[in-house]
Amino acid sequence: MDQTALPQFRIGQGWDTHRIEPGRPLILGGITIPSEFGLAGHSDADVLFHAVTDALLGSLGLGDIGMHFPDTAPEWKGANSEQFLRHAMELVSKQGYALANVDSTIILERPKLKDFRSAIRENLARVLALPSECVGVKFKTAEKVGPVGEGRSCEAQAVVLVSRTRQGV
Ligand code: C5P
Ligand code: MG
C-alpha cells in the first residue's frame with residue numbers, strides 16, 4: 001500500500017468475556033479487586049486488558065489477541081496480561097502510530113468497582129503511557145439479565161483512537 005495513503009487516524013474496538021470462578025483472583029486492569037471469586041482463564045484472565053489489547057490490534061488490522069498469544073501455549077499459562085497490552089502497543093508504534101485515547105467499560109454484576117476506578121485508570125494509563133485524562137474506565141451491571149447479570153461472567157469493551165506519527169514500516 002502507498003504509505004502516504006495511510007489514514008491519519010484509525011479506531012479500534014475490543015470485547016472480551018470470562019467466566020466467573022470461585023477461588024480465582026479478580027484482576028481488572030492489573031488491579032486485584034477484593035472478591036470471593038475471580039475470572040477463569042489461561043492467563044490471569046484480565047478481561048479489561050484483553051479488550052484493550054484487541055482494540056489496539058484491531059485499530060491497525062493486526063488480528064486479535066489469540067493470534068499473538070494462543071491460549072494453548074504453556075508460556076502464557078497464568079501470564080500477567082500487562083505483557084499482551086505492551087506487545088500491542090509496540091506493534092502500533094512500529095506501524096508508525098501512537099495511541100491518542102482509550103475508553104472502556106467493564107460489565108460486572110458485583111462487586112462494586114467504583115472505589116477502584118482511580119487505581120484501574122491510573123494503572124491502565126501507566127501501561128499505555130497516556131495521561132490518565134486520556135483513559136476512560138466505566139462500570140455497568142447487566143441489570144441481573146443474561147450471563148453477566150446472573151453473576152456467571154464478566155465482560156469488557158474498549159475503543160481506542162490511534163494517530164499516525166510517521167510513515168509506517
Ligand atoms: O449498571 P448500573 O447503571 O446500575 O450501574 C450504576 C453505577 O454503579 C455505575 O455508574 C457504576 O459506576 C457503578 N458500578 C460499579 N461496579 C459495578 C457495576 C456498576 O461500581 N460492578
Ligand atoms: Mg480474555
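The structure shown is a predicted model. S132 sits in the loop that runs between α4 and β6, the latter covering 135-140. From P74, S132 is 58 residues away in sequence, and the two C-alpha atoms are 34 Å apart in space.

Helix α4, on one side of that loop, spans residues 117-128 and includes R117. With a relative accessibility of 34%, R117 is also in the partly exposed class.

The next site to look at is the metal. The magnesium ion (ligand 2) is held by three residues: D16 through OD, H18 through NE2 and H50 through ND1. The coordinating distances run from 1.9 to 2.1 Å. Along the sequence, these donor residues follow the spacing D-x1-H-x31-H. H18 is part of strand β1 (residues 9-22) and H50 is part of helix α1 (residues 47-59), so this pair ties together parts that lie 32 residues apart in sequence.

Are H18 and H50 buried or exposed? Both of these residues are buried, which means that each has under 20% relative accessible area.

Note on methods
Residues are numbered from 1 along each chain as its sequence is written. Chains are lettered from A and ligands numbered from 1 in the order in which they are written. This is a predicted model: local features need pLDDT of at least 70, side-chain atom pairs count only at pLDDT 80 or more; totals for chains, interfaces and linings use all residues. Side-chain values use heavy atoms; hydrogens and water are left out. Helices (H or I, at least four residues) and strands (E, at least two) are DSSP runs, numbered from the N terminus. Buried means under 20% relative accessible area, exposed over 50%, partly exposed in between (1.4 Å probe, protein chains only). Donors are N, O and S atoms within 2.8 Å of the metal (3.2 Å for Na, K and Ca); water is not among the atoms, so sites may look incomplete.
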